[in-house]
Amino acid sequence: MYKSSNISVVILAAGASKRMGTPKQLLKWGNTTLLGNAIETALKLSVKEMIVVLGANYNAIKKELGHYPITILNNEDWQKGLGKSLAFGVEYITSSKQKVDGILVTLADQPLINAEFLNKLIDEFNKKEHPIIATSYKNKKYGVPVIFDKIYFEELLALNDDYGAKHLLKKNKSLVKILIPELENLDLDLKADYESLYKEKFNNK
């Protein structure tokens, strides 16, 4: 078990996966699903609470998550995109009067992100040197998984589009600490990408 941390994890999994053609949250990943893998990875951490934000296909996905010790939220405005789902998760945290230092935001479709890396983000955040800890992408961009200090909750609550918190990261660039994961930080949006990665990960063993 990793060192205890006073942050909550918010897994964003509300999208309709239009480009994938099927709910990617429920796509097989080893002995579980993509979303199950994201949850099991985060459950290895020692955090305040684990929140999963669902939306599209809410009932079908929720049915598969009953055995996990998590809080499941239903964002009925999921069509507005990632930003709205993130705001929805933060709204739950603030309205439940939780005393947290920040939130760790992850996605359901980044299966190469492991608990060790998430814990590195948390360790870096706990140093209190940077209020935002983000993850590097191959193309020199950076983003999710990301930790936001509670001082950004008000701005996160105002998000209402599909760009997530990109503008917040841009605006506060000088305050962001960027960590590079061992494996490439991939988002799985297309069926071909998923099938190729699955084959590489599981069928070659």
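In this predicted model, the second largest pocket holds about 200 Å³ of space. Its lining counts 13 residues, and those closest to the centre are Asn37, Thr41, Lys44, Ile113 and Asn114. Two elements, α1 (34–43) and α4 (115–126), each give two or more residues to this lining. Of the elements, α1 gives the most, with 3 residues. Sorted by class, the lining of the second largest pocket comes out as 6 nonpolar, 3 polar and 4 charged residues.

Next comes the largest pocket, with about 1,400 Å³ of space. Here the lining runs to 41 residues, and Leu82, Leu107, Asp162, Lys166 and Asp187 are the ones closest to the centre. Four elements each supply at least two residues of the lining of the largest pocket: the helices α3 (82–95) and α6 (166–171), plus the strands β6 (102–107) and β8 (142–149). The largest share is that of β8, which brings 5 residues to the lining of the largest pocket. As for the make-up of that lining, 19 residues are nonpolar, 12 are charged and 10 are polar.

Two strands pair with β8, and each pairing can be followed through a pair of residues. With β6, the pairing is antiparallel and spans 4 bridges. Val105 has Val146 in β8 as its bridge partner. Both β6 and β8 also turn up among the elements that supply at least two residues to the lining of the largest pocket.

With β7 (residues 132–136), β8 again pairs in the antiparallel sense, over 4 bridges. In this case Ile132 stands opposite Phe148 of β8. The hairpin made by β7 and β8 has 5 residues between the strands, and Lys140 takes a positive phi there, near 70 degrees.

For the second largest pocket, the element that gives the most is α1.

Note on methods: Residues numbered from 1 in each chain as written. Predicted model: local features only at pLDDT ≥ 70, side-chain atom pairs only at ≥ 80, totals over all residues. Heavy atoms only, no water. 1 Å grid on protein atoms, 1.4 Å probe; cavity = no way out; pocket = protein on both sides within 12 Å on 5 of 7 lines; lining within 4 Å. Points joined across faces, edges and corners; volume = space filled by probe spheres on them. Nonpolar A, V, L, I, M, F, W, Y, C, P; charged D, E, K, R; others polar. Pairing = 2+ DSSP bridges.
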